[in-house]
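Open the model in a viewer and keep the selection panel at hand. The stops below go from side-chain pairs to sheets.

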Amino acid sequence: MISFISGRLLSLMVTTLVASIVVFMLMQVLPGDPALIILGMNAEPETVAALHRQLGFDQPMWLRYLQWIGGFFVGDFGTSITYSVPISELLGPRIMVTVPLALMSMLISIFGAIVIGVYAAANRGKIGDTIAMGIAQIGVAIPNFWLALLLILLFALKLLWFPASGFSGWDDGIWNGLRSLVLPALALGLPLAAILGRVTRSAVIETLGEDFIRTARAKGLSRSAALWKHAVPNALIPVVTIVGLQFSFLLAGTIIIENVFNLPGIGRLVFQAIAQRDLVTVQSLVTLLAASVIIVNFVVDLVYGYLDPRLSNGGH
Amino acid sequence: MTQPLLRMADLSVELPIGDTKIDIIANTNLELGRGERLGIVGESGSGKSITALAVMGLLPQKMRVRGELIFDGHDLAKMSEETFCKFRGRRMAMIFQEPMTALNPVKPIGAQIAEGRILHLGETRADAEKRARLLLDKVGLPAPRFNLDLYPHQLSGGQRQRVMIATAIACEPDLLIADEPTTALDVTVQAQILDLLNDLIDDTGMTLMLITHDLGVVSEMTNRIAVMYAGRVVETGRTDDVFARMAHPYARGLFAASPHGAGLMPRPAGAGRPRLTAIPGVVPDPFERPPYCTFADRCGFVRDDCRQSMPALDLLSTNEGIEHRAACLHPCESLVRP
């Protein structure tokens, strides 16, 4: 187990490094000069050159990469060009929005997927299965920003249950903070739940055909007890794999959804930084997002070992 | 004879295909007294396993039972699923052919053995696992090498089958159904598992229904036998009697085709062991079973009247209170072995 984890950690570091190189190179070839954006299109060439020196753009590329990535590993993500403050200061309050949002979306995705997938599998071929999979099919087809607009129309403007946009902060109570995240989390999580639900359905159907389900039934377990106690724990293994893969889609989704709901999160920060050619901020944030995807998949690997004892303790 | 533990009266298992229904098992009559050991033999597709699954109420969803299936005074054919769940694992238990896949790979074996006792006897997890420990000892998997927290993948096929046996006998059932319990195992392990089953049945007085196509196993393990062919019982009686006479031509063919049965056949002094003889043809497809004796088209002794009606399971003789019956118009008269 120890060697499994340390091996995983090493590959985690290497993957993050490779991702950072790719992100850095992309930023270099991206059109648009941040100095021109700061100074305006009509700036004097001398002023632009001076700002380039100030921002360090006159140094060779490899040196700039090393300076950036060196700081990255001690928590210094550089200084934002537009805000002129350390990026770590920008991150703090925004993480408090995006991480709860991502967690809620994942919970909605997993919970929704298990409910709809197991229900459809248990009623395979019957009308309930057809309806459940029809709903899932619609969920797969709907883009999350459009779903977001529908949710705002229904729950915010008609029913007035949740705020239509903005984030009130965590200071006046956890519930108020959560309330402003419910609709964005649904908009992000439901389409993912639809995809994951289809995976869950086929995984449960496959395990229901296994011999050990017949053994469980022969012991006297009812159909539903055999389903929940024996089929579902086995079916979760492929489901968890997809959850890890979906996490990157989820982060990409936050960029859109945080803009639709006007949430002050990481996704919105990335979007603004791209629009303003704030190269250092973009490359630091994107590398951080890549690292978080890699870490989540590392956690998924650990969950694997817990779900499937064949992986964590070998045979004799 | 007192009330039998299990009685099948005119039992059929039907499978609807489109607008028609076909009988996978047709009009079977079979009784199983308490403490008896019944062997069911026949080639693949003869309906042995379906018979067992019908008794367990675990038939594939589309199949329906017709006729009577009386277990200890209760008609299983008319029983609600809810009541049936209280019988399964408690009053009747089953061991399956494939130990490699019959255990849940993500649950420890202790929990799998204890599950039935928690469910049926309302024991706490701790009590049930204490019991599971005793059961593991009983099936020859002693501590500390074989702990309750082992997972199936850490055990060999024979060891897994022992765990299956422990699971099946956990609630001390009246009826134990073993569906080819040794077919998937190494030859050396087969004998150990059979010995284990033998001892357990002697100790507990369980009734055994053993399904196999290994005639050697049947002759050692059972006192009564039913030979099945194309969904019907074609010969039944005391194991010794059936082995001695093999009245139905199919039984005779089946025995001649197996090393154990062929060894019982008479042969001239000094002659070597004869080659095993295969039965020509194949088991008729359930869709195309003829309205007459289903074996007629493969039978070496076939006569004209064989193709006119379905022979009943006629009484040949009675020995020690057990009837020897065969469904053949012209049963073989000569004894194979006096």
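A residue counts as buried when its relative accessible area is under 20%, as exposed when that area is over 50%, and as partly exposed in between. The model on screen is predicted.

**Stop 1: a pair within chain A**

Select A:Asp129 and A:Arg201. Their side chains form a salt bridge, with the closest N and O atoms 2.8 Å apart. A:Asp129 belongs to helix α6 of chain A (residues 127-141) and A:Arg201 to helix α8 of chain A (residues 174-208), so colour both helices; the two residues are 72 apart, and the pair links distant parts of the chain. Is A:Asp129 buried or exposed? Its relative accessibility is 5%, which is under the 20% limit, and therefore A:Asp129 counts as buried.

**Stop 2: a pair between chains**

Go next to A:Arg217 and B:Glu81, where a salt bridge spans 3.1 Å from N to O. A:Arg217 sits in helix α9 of chain A (residues 211-218) and B:Glu81 in helix α2 of chain B (residues 81-87), so this pair joins two chains. With a relative accessible area of 8%, A:Arg217 is buried, whereas B:Glu81 is partly exposed at 34%.

**Stop 3: a network in chain B**

Select B:Glu14, B:Lys21, B:Asp23 and B:Arg66 together: salt bridges link them in a network. One of its pairs is B:Lys21 with B:Glu14, at 3.6 Å from N to O. Here B:Lys21 is exposed, with a relative accessible area of 56%, while B:Glu14 is buried at 11%. Over all chains, the count of salt bridges comes to 27.

**Stop 4: the four-stranded sheet of chain B**

Switch to cartoon view. Which order do the strands of this open sheet follow? In chain B, four strands run β2-β1-β4-β5, with antiparallel pairing. The edges are β2 (20-32) and β5 (74-75) of chain B, each of which pairs on one side only. Strand β1 of chain B (residues 6-17) runs antiparallel to β2(B), and nine bridges join them.

**Stop 5: the eight-stranded sheet of chain B**

Now select the open sheet of eight strands in chain B, ordered β6-β7-β8-β3-β9-β10-β12-β11, whose pairing is mixed. At its edges stand β6 (92-95) and β11 (314-319) of chain B; each has a single partner strand, so one side of each is left without a neighbour in the sheet. From one strand to the next, the twist averages 20°.

Zoom in on β11(B) and strand β12 of chain B (residues 322-326), which run antiparallel and are joined by five bridges. B:Asp314 has B:Ala326 in β12(B) as its bridge partner.

Two helices to show next:

- Helix α6 of chain B (residues 157-169) packs on the sheet and touches β6 and β7 (175-179) of chain B; its direction makes about 175° with that of β6(B).
- Helix α10 of chain B (residues 249-256) also packs on the sheet, touching β3 (37-41), β9 (224-229) and β10 (232-238) of chain B; its direction makes about 100° with that of β9(B).

How values were computed. Residues are numbered from 1 along each chain as its sequence is written. Chains are lettered from A and ligands numbered from 1 in the order in which they are written. This is a predicted model: local features need pLDDT of at least 70, side-chain atom pairs count only at pLDDT 80 or more; totals for chains, interfaces and linings use all residues. Side-chain values use heavy atoms; hydrogens and water are left out. A salt bridge is a side-chain nitrogen of Lys or Arg within 4 Å of a carboxyl oxygen of Asp or Glu. Buried means under 20% relative accessible area, exposed over 50%, partly exposed in between (1.4 Å probe, protein chains only). Two strands pair if DSSP finds at least two bridges between them. Axes are lines fitted to C-alpha atoms, for helices over the stretch in contact, and angles run from 0 to 180 degrees between N-to-C directions. Contact means heavy atoms within 4.5 Å.
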